[in-house]
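Have a look at the sequence and the structure with me, and then we can go through my entries.

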Amino acid sequence: MKGIGWKIVVLAIVGSIAPALAWDGGDARVRNCTWCHGTGGQGYTVAPRLAGQRSQYIESQIRSFRDHTRDNPFSKQYMWGAVAALAPQDARDLAAYFASIPPKPAGDGDRGLAARGRAIYLEGIPEANVASCYACHGPNAEGVRDIPRLGGLAYVYLKTRLEQWGQGYHSGVGTPMPIVARSLGPAEVEALASYLSFVR
């Protein structure tokens with residue numbers, strides 16, 4: 001009976017990681033992503049890290065690109081076309097593959113601003129009616145379900161996205177980020193982006 005129990009556990013583990021194992025990085029669909037997001041999915045300055053990102057979030061963003069609801073300039077220029085022919089199962093497999101890769105923090109923000117950014121992340125800005133970021137993104141910026149992991153993303157990417165939300169761009173239907181970002185001044189944006197770039 002013990003042997004059967006262990007076999008069930010092993011099968012469950014293999015079943016949960018099979019999509020990621022099936023995408024060994026040599027697949028053409030993975031290569032299409034890594035042209036911009038890096039061979040290890042760690043991202044570049046303007047293309048975000050996909051490694052360690054929440055799989056539900058990656059899937060939701062692929063849908064947003066396909067539906068044209070993620071409407072910032074780079075999305076329109078690159079991602080709308082990149083996902084146009086991507087089948088739902090491929091989107092799920094890609095999401096599982098990139099979520100399975102251990103992330104590395106970019107660590108490219110201003111360390112002098114990190115303490116202020118951490119305070120904003122954990123406590124919000126009560127006088128500006130800005131809620132804490134951790135309420136949605138988790139205490140370690142790890143994300144929750146289809147809410148993204150922010151920890152370790154590149155400073156320039158985070159800063160640009162916060163600025164774009166403040167200008168009214170969207171990342172999907174019903175996201176609160178444009179409203180939140182409009183309440184952040186340039187100094188708060190730089191502090192938050194700096195802090196998050198160092199989070200592991």
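**Entry 1: the whole chain**

How much accessible surface does the protein chain have, and what share of it belongs to carbon and sulfur atoms? I looked this up and found about 11,100 Å², with 60% belonging to carbon and sulfur atoms. Accessible areas come from the Shrake-Rupley method with a 1.4 Å probe, and for residues only the protein chains shown count as cover.

I noted where the numbers come from: this is a predicted model, in which local features need pLDDT of at least 70 and side-chain atom pairs count only at pLDDT 80 or more, while totals for chains, interfaces and linings use all residues. Residues are numbered from 1 along each chain as its sequence is written, and side-chain values use heavy atoms, with hydrogens and water left out.

Next I listed the elements and found ten helices and zero strands. From the N terminus on, the order reads α-α-α-α-α-α-α-α-α-α. Helices (H or I, at least four residues) and strands (E, at least two) are DSSP runs, numbered from the N terminus.

I also looked up burial: 42% of the 200 residues in the protein chain are buried. Buried means under 20% relative accessible area, exposed means over 50%, and partly exposed is in between (1.4 Å probe, protein chains only).

Then I checked the contacts, meaning heavy atoms within 4.5 Å. Among contacts between residues at least 6 apart in sequence, 69% join residues at least 24 apart.

**Entry 2: helix 8 and helix 10**

Two packed helices are described by the angle between their axes and the distance between the axes. I looked up both for helix 8 (residues 155-166) and helix 10 (residues 186-198): their axes come within 8 Å and cross at roughly 145°. Axes here are lines fitted to C-alpha atoms, for helices over the stretch in contact, and angles run from 0 to 180 degrees between N-to-C directions.

Which residues make the contact? On helix 8 I found Tyr155, Leu158, Lys159, Leu162 and Glu163. On helix 10 I found Val189, Glu190, Leu192, Ala193, Ser194, Leu196 and Ser197.

I stayed on helix 8 to look at glutamine 164, which has its place there. Is glutamine 164 buried or exposed? Glutamine 164 counts as buried because its relative accessible area is 12%. Not counting residues up to four places away in sequence, glutamine 164 touches Asn72, Pro73 and Tyr169.

**Entry 3: salt bridges**

How many salt bridges does a search of the whole structure find? I got four. A salt bridge is a side-chain nitrogen of Lys or Arg within 4 Å of a carboxyl oxygen of Asp or Glu.

Glutamate 163 is partly exposed, at 33% relative accessibility.

Another joins glutamate 188 and arginine 116, with the closest N and O atoms 4.0 Å apart. This pair links distant parts of the chain, as glutamate 188 is in helix 10 and arginine 116 is in helix 6 (residues 111-123), 72 residues apart. Arginine 116 is partly exposed, at 41%.

I also found aspartate 27 and arginine 29 meeting at 2.9 Å, N to O. A network of salt bridges links Asp27, Arg29 and Asp90.

**Entry 4: two tyrosines**

Where is tyrosine 44 found? I located tyrosine 44 in the loop between helix 2 (28-37) and helix 3 (55-67). Tyrosine 44 is partly exposed, with a relative accessible area of 48%. The C-alpha atoms of tyrosine 44 and tyrosine 157 are separated by 8.5 Å, though the two are 113 residues apart along the chain.

Tyrosine 78 lies in helix 4 (residues 73-82) and is partly exposed, at 46%.

**Entry 5: two positive phi values**

I finished with backbone angles. Asparagine 129, in the loop between helix 6 and helix 7 (134-137), has a positive phi near 60° without being a glycine. Asparagine 129 is exposed, at 73% relative accessibility.

Arginine 145, in the loop between helix 7 and helix 8, is not a glycine but has a positive phi of about 50°. Arginine 145 counts as exposed because its relative accessible area is 57%.
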